[in-house]
Every structure is written in structure tokens, then in C-alpha cells.
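User: I would like to learn how to read the features of a model like this one. Please take them in turn.

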Amino acid sequence: MKNLNYYLNLDYEIIIRKIPKEDGGGYFAYYKDFKGIMGDGETADEAIEDVKSAFACYLEIALENNEEIKKPSHLMKTKRINITVPLYALKKIDTYTKSLNINRSTFLVESALKQIQI
């Protein structure tokens with residue numbers, strides 16, 4: 001189930017920037033995939049804790065409203081692979097995916113993830 005803990009445990013990248021003294025000093029942090037969610041602090045650790053707190057608040061509201069929450073962008077990268085499939089199976093897969101209006105790759109990935117219960 002994709003609940004608050006599920007999203008809090010995904011590997012989202014946090015960007016940390018040092019704030020120049022002339023601009024107040026300290027540190028600024030934000031999520032790479034959610035640039036509107038920010039935090040700050042006197043130390044980098046404080047900024048990270050602040051942005052994580054803001055992210056948890058965002059997630060609670062997004063989950064309550066059944067909003068789509070994107071996964072970490074680095075997890076969405078794809079890689080081309082070669083696999084061997086018997087011709088009879090390939091024909092059945094292609095017929096089935098055509099009826100669903102999805103491509104073969106999408107079907108194979110979704111089927112594999114369902115099989116390993118992710």
C-alpha cells in the first residue's frame with residue numbers, strides 16, 4: 001500500500017545549498033523532484049530535517065486528496081535490455097497488449113512488478 005511511510009522511504013534526492021552570509025547565512029534544502037518543498041536551518045542537518053518535515057506535510061495532504069505523487073526521477077530512468085521470448089508467447093503478449101492499447105515493454109514491466117508484488 002502506498003501510504004505515508006512508503007513515500008517517506010523512497011530515495012528522493014535532497015539538494016542543499018549554503019546561503020551566503022550577506023543573505024542571512026545558514027543552509028537551504030529542497031527536494032530535486034519537488035522544488036516547491038523547501039527547508040532551511042543554521043546547519044545542513046537542520047535544513048534537511050526542516051525540508052523532510054515539509055515533505056511529510058505535503059505527502060499527508062496529497063494522500064488525503066488522492067493526488068498523484070511522483071516517484072524519484074532517478075528511478076524512472078529506463079534501460080534497453082534484450083530478452084529471449086518464445087514466438088508463441090510473444091504473439092500472445094502482442095495480441096493482449098494491443099487490446100489494452102499499451103506497448104509490450106509496459107506490459108512486461110508491470111507484469112514483472114506485479115509478480116514480485118511491488
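This is a predicted model: local features need pLDDT of at least 70, side-chain atom pairs count only at pLDDT 80 or more; totals for chains, interfaces and linings use all residues.

User: Which residues have the most contacts inside the largest nonpolar core?

Analyst: A core of this kind is a set of buried nonpolar residues joined through side-chain atoms within 4.5 Å. Here the largest one has 13 residues, and those with the most contacts inside it are Tyr 7, Tyr 12, Tyr 31, Phe 34, Ile 37, Phe 55 and Ile 69.

User: Which strands and helices each supply at least two residues of this core?

Analyst: They are strand S2 (27-31), strand S3 (34-41) and helix H2 (44-64). H2 contributes the most, with 5 residues.

User: What does Tyr 12 touch, not counting residues up to four places away in sequence?

Analyst: Tyr 12 touches Tyr 7, Tyr 31, Phe 34, Phe 55 and Ile 69, and also Asp 33, Lys 70, Lys 71 and Pro 72.

User: How is the length of H2 checked, and which of its residues are buried?

Analyst: The check compares an expected span with the distance between the end C-alpha atoms. At 1.5 Å a residue, the 21 residues of H2 should span 30 Å, and the ends are 30 Å apart, so the two agree. The buried residues of H2 are Ala 47, Ile 48, Val 51, Phe 55, Ala 56, Leu 59 and Ala 62. Among the elements covering them are helix H1 (4-8), strand S1 (14-18), S2 and S3.

User: How do helix H3 and helix H4 pack, and at what angle?

Analyst: Angles of 65 to 115 degrees count as roughly perpendicular. Helix H3 (residues 87-100) and helix H4 (residues 104-115) pack at about 100°, with axes 9 Å apart; H3 and H4 are therefore roughly perpendicular to each other. On the H3 side the contact is made by Leu 90, Ile 93, Asp 94, Tyr 96 and Thr 97, and on the H4 side by Arg 104, Phe 107 and Leu 108. The residues of this contact divide into 5 nonpolar, 1 polar and 2 charged.

User: Is Thr 97 buried or exposed?

Analyst: A residue counts as buried under 20% relative accessible area. Thr 97, in helix H3, has 4% relative accessibility and so counts as buried. Apart from its neighbours within four places in sequence, Thr 97 is in contact with Ile 102, Asn 103, Arg 104 and Phe 107.

User: Are Asn 66 and Asn 101 buried or exposed?

Analyst: Exposed means over 50% relative accessible area. Asn 66 is exposed at 71%, and Asn 101 is exposed at 70%.

Terms used: Residues are numbered from 1 along each chain as its sequence is written. Side-chain values use heavy atoms; hydrogens and water are left out. Buried means under 20% relative accessible area, exposed over 50%, partly exposed in between (1.4 Å probe, protein chains only). Helices (H or I, at least four residues) and strands (E, at least two) are DSSP runs, numbered from the N terminus. Contact means heavy atoms within 4.5 Å. Axes are lines fitted to C-alpha atoms, for helices over the stretch in contact, and angles run from 0 to 180 degrees between N-to-C directions. Angles under 35 degrees count as roughly parallel, over 145 as roughly antiparallel, 65 to 115 as roughly perpendicular and the rest as oblique. Ala, Val, Leu, Ile, Met, Phe, Trp, Tyr, Cys and Pro count as nonpolar, Asp, Glu, Lys and Arg as charged, and the others, Gly among them, as polar. The expected span of a helix is 1.5 Å times one less than its number of residues.
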